[in-house]
Each structure stands twice: as structure tokens, then as C-alpha cells.
Amino acid sequence: MVARSSEVRPTAVRHSASPKAGGRRGRGAGRLAGLGLGAGAALVLLTGCDVGAAFDGFGWPQGGISAESRRMYDLWIASCIAALAVGVFVWGLIFWCIIRYRKRGNELPVQTRFNMPMEFLYTIAPILIVSVLFYYTAVVQTDVEKRTPNPDVVVEIVAFKWNWQFNYRDGLGKDANTVASVLGTSEVIPVLVLPTNRSIRFEETSKDVIHSFWVPELLFKRDVFPGKIRNEFEISELVTEGAYVGRCAELCGSYHAFMNFELRVVSPEEYEQFLAAKRGGRSTQEALQSIGEDPYATTTRPFETRRTESNFNNAAGTPAGAGR
């Protein structure tokens, strides 16, 4: 008995050796070359414009206000472009093979086995792609986690149920002194004032449970732990002035959703004036007005907590949350 593959191989060989086969190979090579040129032209066009803005950041938040947030954003956009380029190439090969090698009559196409260059390509290429992505991810992550021995500004973040306290410190560590402080209440949103073009160290601690310090425009969140743990991170500089809402990003209790604050980024000169006013005994609102800023938060507002109503099975007339 003769195998079917042996029956069709001579026909397939004769078919591939015909003059028409050479023309088809030439046209196929031309189509592949055109596909490669088209992909190259698309990449050139993509690198010449703001791809993130054109495609809404590929799902990544835009408008980062720190140098680190912009590096993370650039890494994400570059990774998405690389993934799309690989995807377009693979999809092109798939559809080309579907069309080029579709069944024609009862003849099988030329059977190719043990193509070492092709096997080498699809083994090494993914390794190279992953290695490049790993390298740039490690570089950006190391840059984001970097801390300097002498930052320009040190702020202690103290979280508690359900608000924030921001302490401006004269040094690093828990033994440093607080020179000015901003304390939030249920009626007043705390405003954290920081300067541009200055390195800023954040030292976080919690009075009760785990909270999370999050300003969306910084493009990352940091947990705030209770006890002796002081979670620290540093920003090399803030690059854009303005007011930005801040939130607790860790479910911490009944009023977690009300635990907001505002980051107010000002010039270094205005920051020094604000700090001097606080040191002089002025309130946060008075210090903000002294540098021409709105005295209260503009990006968020206090929520109605209803803590004065009898809404938690309290006795009539007893404020919710009041001790007995």
C-alpha cells in the first residue's frame, strides 16, 4: 500500500516547479515586502505623534504630574506599540497563509518540514521581545523606587479613620521634628501643599488600620500601614502646578469613601511663603490665601456623613458614633 502523501508529492513537486509557481512566489514575496513596508511606515507615523492621546492612553491614565509618572506612562505606551506591531505581523502571516495555501482542488500544497531558520526565528524572537520589555521595566521600576539621602521636602502622611494629617518635617525618620501641620476634619478637606522642581520624600504611617495614599495624577498608590512600619517613597519633582484630588484607595471602614484630600502644587517661592505662614501660627486657609490660592479644596468637597443622625440603631437623639 502506498501512503497518500507519497501519491501527491510528485504532483506537488511538479506543480511547484512550473513557471507559474515561480511567478506566484514572486508575487507572494512582493506582498510580504509591501506588508513590511506598510508596517514600518505605520510605526514611523506612530512615533511622530502623541500615540497616547490619540488612543486614550491605551487604558492608562493620562496627565501625570511627576517625572516618575511620565516615565511609567511612556513605558506603557511603548509596550502597547510593540505588542500591536507584533500582533499585526502575526495576523498578517496568518491571513497570508490562509489565502496563499488554501485548498485548490484535490492537490495538497508542498509539505515543508524541519525548517531550521523558521524554528530558530520563532524561538529566539519571543525571547528577545520579553528581554527588551523586562530590561526597560526594570529600569523604570528602579527609577520610581529610588530614594535620595537628602530630599528637599519631607512630608509625613498620617492616616486615620477617616481623614488625613500632613506633617512638614525638618528631617528624615520618626525622630525628626514637625515644623507645620495640616489636619483634615469632617467639615474641611485637608490640603497638602507641595512645590514644583523639588525632590519630595513621603513617610507614611497609620493610626489604626491599613489605608492607601493615592493621587491619580501620580499614577501609583502607596499603602499606609499601622504600627512601626513607615512606608516611604520619593518623587524627584512635580512638574505641573494645580489642584489634584487625593483619595484613600484601601477599604478601611464605614466612611472610607469620604476620606479625600487635595494636593495643591505651587511654585517653590509660594511653597516657602505658605510654610512660613504656617510656622507663624496661621491656619491652613489663611496660609493659602496669603499666596493667592483658594482657601478650601476645589477638586472635592466634604461628604454628608450623617453622623449626627440616629441611623445606626442609636437611641433617639443620640449622635451616631458618640460614646456612652
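I began with isoleucine 99 and found it in helix 4; helices (H or I, at least four residues) and strands (E, at least two) are DSSP runs numbered from the N terminus. I noted that this is a predicted model, where local features need pLDDT of at least 70, side-chain atom pairs count only at pLDDT 80 or more, and totals for chains, interfaces and linings use all residues. Residues are numbered from 1 along each chain as its sequence is written, and side-chain values use heavy atoms, leaving out hydrogens and water.

Is isoleucine 99 buried or exposed? I read a relative accessible area of 53%, so isoleucine 99 is exposed (buried is under 20%, exposed over 50%, partly exposed in between, with a 1.4 Å probe and protein chains only).

Next I looked at helix 4 itself. Its 34 residues reach 49 Å from first C-alpha to last, close to the 50 Å expected at 1.5 Å a residue (1.5 Å times one less than the number of residues). Its buried residues include Ala67, Tyr73, Cys80, Gly92 and Arg100.

A nonpolar patch of about 1,100 Å² includes Ile99, Phe89, Trp91, Ile129 and Leu133. Helix 4 (67-100) and helix 5 (116-145) each give two or more residues to this patch, and helix 4 gives the largest share, ten residues.

Last, I visited proline 151, in the loop between helix 5 and strand 1 (153-160). Proline 151 counts as buried because its relative accessibility is 13%. Leaving aside neighbours within four places in sequence, I found proline 151 in contact with Leu172, Ser199, Arg201 and Glu234 (heavy atoms within 4.5 Å). Leucine 172 is 21 residues away along the chain, with 8.8 Å between its C-alpha and that of proline 151.

Notes. Patches are made of residues with over 30% relative accessible area and no salt bridge: like charges are joined within 9 Å, nonpolar side chains (Val, Leu, Ile, Met, Phe, Trp, Tyr) within 5 Å. Accessible areas come from the Shrake-Rupley method with a 1.4 Å probe; for residues, only the protein chains shown count as cover. A salt bridge is a side-chain nitrogen of Lys or Arg within 4 Å of a carboxyl oxygen of Asp or Glu.
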